[in-house]
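Hello! Here is the structure I promised to pass on to you. Have a look at it first, and then read my notes below.

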Amino acid sequence: MSTRLILGLVSSACYGVDTRLRRELAEPAAARGWRLAITLTPTATRWLSANGELDRLAELTDLPVRSEPRLPSEPKPYRTPDAFVFAPASANSVAKLALGIADNQALTALMEAVGAQGIPVVVRPQADPAQRGHPAWRRHLVTLREAGVYLDDGAPEDSWESSLDVVGSLVGGIG
Ligand SMILES: Cc1cc2nc3c(=O)[nH]c(=O)nc-3n(C[C@H](O)[C@H](O)[C@H](O)COP(=O)(O)O)c2cc1C
């Protein structure tokens, strides 16, 4: 049984996820020593399956890349991850996470991690000015911050790898 720390790497359907997720997050995280538990929203799964990235992500980890919830008759595929990075996080999924809506496997994992408290969760929102202008946006971020979530907000063109630096420091220095 592996004793390596598990990173829950969760991604949603944001611009660039189909090309940047593996290069800027999954490969660097694996290189830093994380065992990857990758979960994608259904839309992100469709995008990454269309360009073959889903298979390339699967090669980086011994754990299944998830998007579907398990059947009640199936065991959990792995233990609860030691920490989570949710990047990129769409306006849609940020709103759902803040409200506690868990209508897909990605949000189920994140929502339980936030609610459990004590599991480091880093969220990198990627939303355009119109999405950020929605009246509920600011409140969603406040809710997440108050729940102990670390918001690694940044310009969309900046590397997403900074979220790995943050989660590494939160768990005590991996990477
Ligand atoms: C090409 C493309 C790029 C998109 N980029 C973003 C983005 O960067 N941020 C965002 O919040 N939504 C973006 N969207 C909209 C989301 O994909 C859409 O709201 C979707 O329902 C999000 O689903 P998810 O949060 O379940 O992954 C984009 C849509 C398309 C078609």
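Helix H2 (residues 42–50) has buried residues, and what covers them includes strand E1 (6–11), helix H1 (17–31), strand E2 (35–40) and helix H3 (53–58). Cover here is counted by contact, meaning heavy atoms within 4.5 Å. Helices (H or I, at least four residues) and strands (E, at least two) are DSSP runs, numbered from the N terminus.

A word on the source: this is a predicted model, in which local features need pLDDT of at least 70 and side-chain atom pairs count only at pLDDT 80 or more, while totals for chains, interfaces and linings use all residues. Residues are numbered from 1 along each chain as its sequence is written, and side-chain values use heavy atoms, with hydrogens and water left out.

Which residues of H2 are buried? They are Ala-44, Thr-45 and Leu-48. Buried means under 20% relative accessible area, exposed over 50%, and partly exposed in between (1.4 Å probe, protein chains only). Seen down the axis of H2, the buried residues fall within an arc of 100°, so they line one face of the helix; the arc is that of the directions from the helix axis to the C-beta atoms. The face turned away from that buried side carries the exposed residues Arg-46 and Ala-50. Just after H2, Gly-52 takes a positive phi of about 85°.

Now to the ligand. Among the residues around it are Ser-12, Tyr-15, Thr-41, Trp-47, Ser-93 and Gln-131, where a residue counts if one of its heavy atoms lies within 4 Å. A polar side-chain atom of Thr-41 lies 2.7 Å from an oxygen atom of the ligand, and one of Ser-93 lies 2.6 Å from a ligand oxygen. For Gln-131, the distance from a side-chain N or O atom to an oxygen atom of the ligand is 3.2 Å. The protein covers 65% of the 640 Å² of accessible area that the ligand has on its own (Shrake-Rupley method, 1.4 Å probe). Helix H4 (residues 91–99) gives the largest share of the shell, three residues.

Is Asp-152 buried or exposed? At 10% relative accessibility, Asp-152 counts as buried. Its side chain makes polar contacts with the side chains of Arg-124 (3.2 Å) and Ser-162 (2.8 Å). Within protein, a polar contact is a pair of N or O atoms within 3.5 Å, one able to donate a hydrogen and the other to accept it, and residues adjacent in sequence count only if both atoms are side-chain atoms.

Enjoy exploring!
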